[in-house]
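Q: Please examine the model below and explain the terms used to describe its strands, cores and aromatic rings.

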Amino acid sequence: MCKIADSSRDGYYKWLNRKPSQYHNEQAELLEAIVELEEEHNWTLGYLAMTTQLSFENRLSFTAGLKRITNCMRKHGIRANIRKKKRNRIQRHEEYINDNLLQGQFDRETKNEVWVTDTTEVAYGEHTLHKVRVHVILDLYGRYALSYNISDTETSSAVIETFNRAFTVEPDAQPMIHTDRGSAYCSSMFNDYLASKNCIHSMSHPGHPWENSPIERWWNDFKLIWINKHPRPKTLAELEQLVKGAIEYFNTKRAYTSKNGLTAEQFRNMFNDYLASKNCIHSMSHPGHPWENSPIERWWNDFKLIWINKHPRPKTLAELEQLVKGAIEYFNTKRAYTSKNGLTAEQFRNQAA
């Protein structure tokens, strides 16, 4: 047999008795974990999403980076089964100028600064097709879905009901609300409701869906990753369970690279959990109300006008750190204030202690 295969007996027995290497075992474990995750997530995880999800769930006994996971998925023909979104929009001239108060500032520092909302059409029915509107409200901090509602049509009452559910979750919130220019959002009933909640209303320009891109992206994932991967609901009750499952999945189970490998819920609660661990109470200014945090605004004003503008621009990060360190020392220990009885901040603080 060795003569026919043109191989030596020594080589044959080495091959026969060879044990799998550590790398081979790791690759087998990696492939198994990838297939399991793809099945759990309905084959919607791409290379980057798979890397994030593997790290989030600690599925591997070793560390695997993006390149290794990508190579493994490509080798075995594993890819996300998601339709590529078509982009063939023609931007129209702006018809309104001052109403988009958000101005594309989607990255927020704390929760309940800005909420975005929109509706989409979803179908159900076994023999007869029925269509309803699904309303969702997202908090831009972490892209967390606060509430949802299902209605026959897009009406002011349905939108207000969605917001009532959101304010049940966050009763003390007074966020900026960003919407498109749908009839329900332009109605006097809805705007009077927002005014009663002390909320500022921001609206995208007509034909500019990218000005509300976070909720548009969420709808894209909702339909391609969730709705399209489940059978069409036969009844309205089944549809409600499907939407409820989507909210839970995207809030608590889907990890995102943009959220440091955390889910939306973990990312949203991370800072507040830290404050709670320190027994601190968290208070926030209203959106667009810098005077509600005027002491730090005044300090930044002095920092820039009195210190930064009076020194040459730092050439390196190390020089900038020294400059900031010098400013802290100056305003704490050398700058005396009339409001502090002619004392420095440090002297006044120690005197009170």
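A: In this predicted model, strand β1 (residues 114–124) and β2 run antiparallel and are joined by 10 bridges.

Q: What makes β1 and β2 a pair of strands?
A: Pairing requires at least two bridges between two strands. Y124 stands opposite H130 in β2. The two strands form a hairpin with five residues between them, and G125 in the turn has a positive phi of about 125 degrees.

Q: How do you know that β2 also pairs with β3?
A: Seven bridges link β2 to strand β3 (residues 144–151) in the antiparallel sense; the requirement is at least two, so these strands pair. Here L138 has A145 in β3 as its bridge partner. This hairpin has four residues between its strands, and G142 in the turn has a positive phi of about 90 degrees.

Q: Why is strand β2 called mostly covered?
A: A residue is buried if its relative accessible area is under 20%. In β2 (residues 130–139), eight of the 10 residues are buried, so the strand is described as mostly covered.

Q: Why is the pair of Y185 and F190 called edge-to-face?
A: The ring centres of Y185 and F190 are 5.7 Å apart, and a pair requires centres within 6.5 Å. Their planes stand at 65 degrees; an angle over 60 counts as edge-to-face, so that name applies. Both residues are buried. The structure holds 17 aromatic pairs, and one aromatic cluster is formed by W218, W219, F222, W226, Y249 and F250.

Q: What makes the placement of K197 a charge over the ring of F167?
A: The charged end of K197 is 5.0 Å from the centre of the F167 ring, over which it sits. The distance limit is 6 Å, and the charge must also lie within 35 degrees of the ring normal.

Q: Which residues touch the most other members of the largest nonpolar core?
A: They are V136, W218, F222 and F250, in a core of 29 residues. β1, β2, β3, α8 (213–226) and α9 (236–252) each supply at least two of its residues. The largest contribution, seven residues, comes from α9.

Q: What does W218 touch, leaving aside residues up to four places away in sequence?
A: W218 touches V136, L138, A145, I247 and F250. Contact here means heavy atoms within 4.5 Å. A second, separate core of 18 residues includes W115, A166, A173 and Y193.

Conventions
Residues are numbered from 1 along each chain as its sequence is written. This is a predicted model: local features need pLDDT of at least 70, side-chain atom pairs count only at pLDDT 80 or more; totals for chains, interfaces and linings use all residues. Side-chain values use heavy atoms; hydrogens and water are left out. Rings of Phe, Tyr and Trp (its six-membered ring) pair if their centres lie within 6.5 Å; planes under 30 degrees apart count as stacked, over 60 as edge-to-face and the rest as tilted. Buried means under 20% relative accessible area, exposed over 50%, partly exposed in between (1.4 Å probe, protein chains only). A nonpolar core is a set of buried Ala, Val, Leu, Ile, Met, Phe, Trp, Tyr and Cys residues joined through side-chain atoms within 4.5 Å.
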